[in-house]
Amino acid sequence: MYQWTPHSIRLLRDASEYSDYYKKLAERISVYLWSGVRICDAGCGLGYLSLELAKYAASVTAIDRSEKALEVLSENIQKLKISNITLRSGNIFKCPPTSRYDAMVFCFFGNTEESLAIVREQCEGKAILIKKDYDEHRFSIGPHLLHHYSFEKTCCDLDEKKICYQKERFSLHFGQPFHSLEDAVLFFQTYSQDDHPERIDEDMVKHKLIEDPSGKYSYYLPSEKRLGLIVLDSEDIPDEFSIHEKTIDT
Ligand SMILES: C[S@@+](CC[C@H](N)C(=O)[O-])C[C@H]1O[C@@H](n2cnc3c(N)ncnc32)[C@H](O)[C@@H]1O
């Protein structure tokens, strides 16, 4: 289950505000949207994608079960004076909208079955799924394979169920800035899937870092993120997909 901590919030906040990753991701998604669309950003996390999607939508409902994550979005909404984002805190399975959304975005949130069940119940238009399109965990020192919820796996699931979809692959730069080498070590210790993350030290991470090009931070971890985007219509989802008493474990 995804758990936000003050440390992980600070790191992602730094990275999100440093780069144009979410702006570019929203640009990609916007190709599939239309004027006046009412979107839900499902499992929005800190909400940096919601902020960018709001530029293309009549309204964005940003839902997450983490109040701590939503606090960051709430601060940014006030700071940027954005008026078309509504925050909803809670389990999305239990938060159906009063009137179904036109489109739902699932960015690194949920497996295929869970997303389809939510879309079938809560959306009358398009679902846009953003998935990892790589197999190796990016922030482990040793090699660690990812199988969960990848782009390939999701496409296979949809093919198996004979559900029509459009897909595209692209990559976006999403690096991580650090104020100190210590901070970089903490980052790898937090995100690595190595057996003994506590053994990660400065020597293991130093060669991965460059001097921060912006000069605002001390170090920078360059990282290209390969992504897959899947678009499908709610009406193409068969009846067998429905919401049961369960929670998403992302
Ligand atoms: C991997 S993060 C992705 C965050 C964001 N979409 C992004 O790409 O930056 C998954 C998010 O889903 C939220 N989440 C997990 N299960 C949930 C549920 N059942 N209902 C609402 N939010 C949920 C977590 O709190 C977390 O913020």
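I counted 8 helices and 10 strands in the chain. Helices here are DSSP runs of H or I with at least four residues, strands are runs of E with at least two, and both are numbered from the N terminus. The radius of gyration is 18 Å, close to the 18 Å of the globule rule for 250 residues, so the chain is as compact as a globular protein of that length. I noted that this radius is taken over C-alpha atoms, and that the rule is 2.2 Å times the number of residues to the power 0.38.

I noted that the model is predicted: local features need pLDDT of at least 70, side-chain atom pairs count only at pLDDT 80 or more, and totals for chains, interfaces and linings use all residues. Residues are numbered from 1 along each chain as its sequence is written.

Next I checked burial. Of the 250 residues, 34% count as buried. Buried means 20 or more other C-beta atoms within 10 Å of the residue's own, exposed means 12 or fewer, and partly exposed lies in between, with C-beta atoms placed from the backbone.

Then I looked at helix 6, residues 151-160. Which of its residues are buried? I found Phe151, Thr154 and Leu158. They cover an arc of only 65° around the axis, which puts them on the same side of helix 6. The arc uses directions from the helix axis to the C-beta atoms. On the face turned away sit the exposed Cys156, Asp159 and Glu160.

Last, I looked just past the end of helix 6. There Lys162 takes a positive phi of about 60°.
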